[in-house]
Amino acid sequence: MESASELVPFPLLMTPIESNYSACTIPYRFPSDNPKKPTSTELSWIDLFLHSIPSFEYPASPLSNSLCRHMKRAKSDPTVPDAPDKAEKFAQRYAEILEDLKKDPESHGGPPDGILLCSLREQILRELGFRDIFKKVKDEENAKAISFFDDVVHLNDVIEDEVKRLENLVRGIFAGNIFDLGSAQAIIFVDNSGADIILGVLSFARELLRRGTQVVLAANDLPSINDVTYPELIEIISKLKDENGKLIGVDTSNLLIANSGNDLPVIDFTSVSQELAYLASDADLVILEGMGRGIETNLYAI
């Protein structure tokens with residue numbers, strides 16, 4: 001269900017936000033650049049998407065980029081009448097917009113950055129009726145991952161050393177002070193469906209719950225590529241809980257699911273849901289899982 005509430009800034013951003021926060025990590029241009037002329041960085045990122053469009057007609061290979069996957073999924077979307085024709089329109093419209101941005105960086109809400117390029121892509125898909133072109137593959141991957149969840153959790157549970165158990169769960173990503181979180185609060189911005197959310201994030205979240213940490217999982221409001229959405233995450237967790245509401249023996253009363261208000265594979269922290277802002281106001285730990293939210297955007301956010 002799409003959220004209708006007004007979006008607000010993430011409460012842990014440094015203030016004043018205007019001078020301390022920029023969502024996009026990679027600067028596509030600098031103030032000294034000519035606003036009417038695209039920069040080399042802008043052209044490189046635009047071309048990254050533009051050059052892939054002719055290959056949309058062919059099946060996606062393991063090396064295909066996200067646009068190829070969009071086209072393939074869009075053409076085969078059973079929920080959209082005339083999906084192949086509309087997928088062609090998507091390719092044509094998006095190519096035209098990218099060409100416009102190469103000629104005039106200030107067109108279409110520019111100058112372009114990672115958020116704008118993603119937003120324009122999603123906007124065109126939704127205008128053509130494509131609401132969730134990765135729905136089928138997400139459901140398949142979630143079902144597979146759910147079937148492995150018990151085994152993955154039990155393999156982690158047999159590691160007696162708490163530090164090693166956490167290191168095994170997060171592969172050494174986080175520093176030593178996470179091991180003593182205790183009754184703290186953690187906000188985790190989740191990413192992909194399937195093994196990523198179920199075997200990765202939820203296994204880690206379960207370990208935090210064991211330690212008395214309150215865990216808030218923040219998921220997208222609307223579908224975008226194969227990212228898990230808020231309604232999907234609620235459904236996944238309901239399937240994993242036992243009849244007592246536990247996650248393989250761990251109480252989940254401190255596990256909260258929040259709608260982030262986001263609809264992209266990246267995120268701008270100046271626009272999150274009021275629900276998430278309220279839950280995050282006293283957070284001790286914020287985890288941005290995935291390249292889009294944690295590297296392409298927000299690498300230096302908090």
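The following legends describe close-up views of a predicted model.

Residues are numbered from 1 along each chain as its sequence is written. Because the model is predicted, local features are reported only at pLDDT of at least 70 and side-chain atom pairs only at pLDDT 80 or more, whereas totals for chains, interfaces and linings use all residues; side-chain values rest on heavy atoms, with hydrogens and water left out.

**View 1. Overview of the chain.** The chain holds 11 helices and six strands; helices (H or I, at least four residues) and strands (E, at least two) are DSSP runs, numbered from the N terminus. Of its 302 residues, 48% count as buried, where buried means under 20% relative accessible area, exposed over 50%, and partly exposed in between (1.4 Å probe, protein chains only). The accessible surface comes to about 15,000 Å², and carbon and sulfur atoms contribute 53% of this area; the areas come from the Shrake-Rupley method with a 1.4 Å probe, and for residues only the protein chains shown count as cover. Among contacts (heavy atoms within 4.5 Å) between residues at least 6 apart in sequence, 75% join residues at least 24 apart.

**View 2. The open parallel sheet.** Four strands are arranged in the order E5-E2-E1-E6 and pair in parallel; two strands pair if DSSP finds at least two bridges between them. Strand E5 (255-259) and strand E6 (285-288) each have a single partner strand, so one side of each edge strand is left without a neighbour in the sheet. Neighbouring strands are turned by 20° against each other on average, direction ignored. For such angles, axes are lines fitted to C-alpha atoms, for helices over the stretch in contact, and angles between N-to-C directions run from 0 to 180 degrees.

**View 3. Strand pairing within the sheet.** Strand E1 (residues 185-189) and strand E2 (residues 214-219) are joined in the parallel sense by five bridges, and Ala186 faces Val215 of E2. E2 is also parallel to E5, again over five bridges, with Leu217 having Ile257 of E5 as its bridge partner. Between E1 and E6, which run parallel, there are four bridges; here Ile188 is partnered by Ile287 of E6.

View 4. In E5, four of the five residues are buried. E6 has a covered face formed by Leu285 and Ile287, while Val286 and Leu288 form its uncovered face. Helix H8 (residues 195-210) packs on the sheet and touches E1, E2, E5 and E6, its direction making about 155° with that of E2. Helix H9 (residues 230-240) lies across E2 and E5 and runs at about 160° to E5.

View 5. The buried residues of H6 are Val137, Lys138, Asn142, Ala145, Phe149, Val153 and Asn156.

**View 6. Cis peptide bonds.** The bond from Thr15 to Pro16 is cis, with omega near -5°, and Pro16 belongs to the segment before helix H1 (17-20). Gly110 and Pro111 are likewise joined by a cis peptide bond, with omega about 15°. Pro111 sits in the loop between helix H4 (83-103) and helix H5 (114-127).

**View 7. Residues with positive phi.** Asp82, a residue other than glycine, has a positive phi near 55° and lies in the loop between helix H3 (66-75) and H4. Asp82 counts as exposed because its relative accessibility is 54%. Ile225 also has a positive phi, near 40°, and is found in the loop between E2 and H9. At 15% relative accessibility, Ile225 counts as buried.

**View 8. Met291 and Val266.** Met291 lies in helix H11 (residues 291-296) and is exposed, with a relative accessible area of 53%. The C-alpha atoms of Met291 and Val266 are separated by 8.3 Å, the two residues being 25 residues apart along the chain.
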